[in-house]
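Subject: Structure handover

Hello,

Here is the structure for you to look at. My notes come after it.

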Amino acid sequence: MKLKTLNKIKNTGMAALAAAFVFSSCNKELPSAVPIVTTLPSGNTIGDLFNTDTTYSIFKAAIVKAGMLPLLSDRSLVFTVYAPNNAAFRFSGIASEAVIAALPTAQVTSIVQYHVVGGQSLTTSLIPTSFPNVQEASSLVLSAPFLRMSIFPSRRGTSNWVNNIPVSSPDIALANGTVHQMAALVSPPSTVLAGILYTDPNLTYFSAAIARADSGATGLNKIDSLLRYPPLSMTVLAPTNAAFMAVLDTNIRRALIAQGLPSATAAAQATALAASPTVFSNPALYGTLTAATVKGIVVYHILASKNTNPAAFQPDVRAFSPNFPTTPGFVTTLVNSALAIHPGIMAQASFTGPFATGLKFTGLGTLPTGGAPFSGPAANAIALDRHAINGVTHTIDRVLLPQ
């Protein structure tokens, strides 16, 4: 694929991609599972479980510190709780009740609230196995009004996850809801995607590419604005600096040779130009790295679907590592907003026990051109499931090319 072409994508109006986005919801939401309470139920409540089962003593300490034990003991209310036992807390680096006691109350409260869904008893049978996962509003409320942090349950066969964390024991039925025992803490995010991507020194080229792609755009038509917008639910595949340097060096060299420069001179100039992310703002390369061309590459790294609007692809997919297929399968991207028939990106997850420990993504384009579609080397995720308020990002070691 040549960076200066992308004709099929550019000609469909790439600059207008974000104009059709709808932000009313994110991943698919489940129907309410609230029972109609006519009489108070008998049997142990969720609060009783944590109050008496010593294998949850660290979680109980957190619940008590957060002031939520009376709430979880109330028979007139209904909850789903994703409960880390002591082994899960220790796996996540919290070894004892003393550690909980030393943490700030606000931090402990946020942890507990993120593990609790109020108003429904969500059993495994209600969770579909389709891609992507589903979305549930937790009890954790952001400072922004009316915005609850969501969690994302998913299921494949007999295995279950919340975000990227396996469920070790599902469907513990209690008088006022359901408890699912977790293999580790499900940590709430603390920043938006821009806060992760723009502060990573290994992703400065990707940040520069976003800035170039946004040239001339305003408001929510900018990719940067989407990365800063808390209500969204996105998945971003972020290539490393080395990945960008490799593809830019090769393509710029080819472009310079096509302009008549000797091969050795073109190679030296290309390597020098690709040695800094300022390559994207170099006026001498605008013929090769136009804003539309760079946007075509950047949006190929943002997953999209028609979940929230059947008429248009939108960045409404938050896909954690366990959600991707274990045999190579295709996922659509924001390129499909401009080119609906594009096959998307080939993705594959690999597992070590219940944890997804590897992701591979293969783009349509090959470099140099001429290979069969999706025949190029796969990009490997070198950092999985970096969770943000408005999405999740996976750092990858190759740039994915859409054609």
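First, the basis. This is a predicted model, in which local features need pLDDT of at least 70, side-chain atom pairs count only at pLDDT 80 or more, and totals for chains, interfaces and linings use all residues. Residues are numbered from 1 along each chain as its sequence is written, and side-chain values use heavy atoms, without hydrogens and water.

Helix 3

Helix 3 spans residues 57-65. Helices (H or I, at least four residues) and strands (E, at least two) are DSSP runs, numbered from the N terminus. Its buried residues (under 20% relative accessible area; exposed is over 50%, partly exposed in between; 1.4 Å probe, protein chains only) are Ile 58, Phe 59, Ala 62 and Ile 63. They line one face of the helix, because they fall within an arc of 140° seen down its axis; the arc is that of the directions from the helix axis to the C-beta atoms. They pack (heavy atoms within 4.5 Å) against helices 2, 4, 5, 6 and 7 and strand 2. Just after helix 3, Gly 67 has a positive phi of about 75°.

Aromatic pairs

Rings of Phe, Tyr and Trp (its six-membered ring) pair if their centres lie within 6.5 Å; planes under 30 degrees apart are stacked, over 60 edge-to-face, the rest tilted. The count is eleven aromatic pairs. Phe 131 and Phe 324 form a tilted one, 5.7 Å centre to centre with 45° between the planes. Phe 131 lies in the loop between strand 3 and strand 4, and Phe 324 in the loop between helix 13 and strand 11, so the pair ties together parts 193 residues apart in sequence. Phe 131 is partly exposed at 36% relative accessibility; Phe 324 is buried at 0%.

Phe 244 and Phe 280 are edge-to-face, because their centres are 5.8 Å apart and their planes at 85°. Phe 244 is in helix 11 and Phe 280 in the loop between helix 12 and helix 13. Phe 50, Tyr 56, Phe 59 and Phe 89 form one aromatic cluster.

Pro 132

Pro 132 sits in the loop between strand 3 and strand 4. Pro 132 is buried, at 10% relative accessible area. Pro 132 and Phe 320 are 188 residues apart in sequence, yet 8.8 Å apart in space, C-alpha to C-alpha.

Regards
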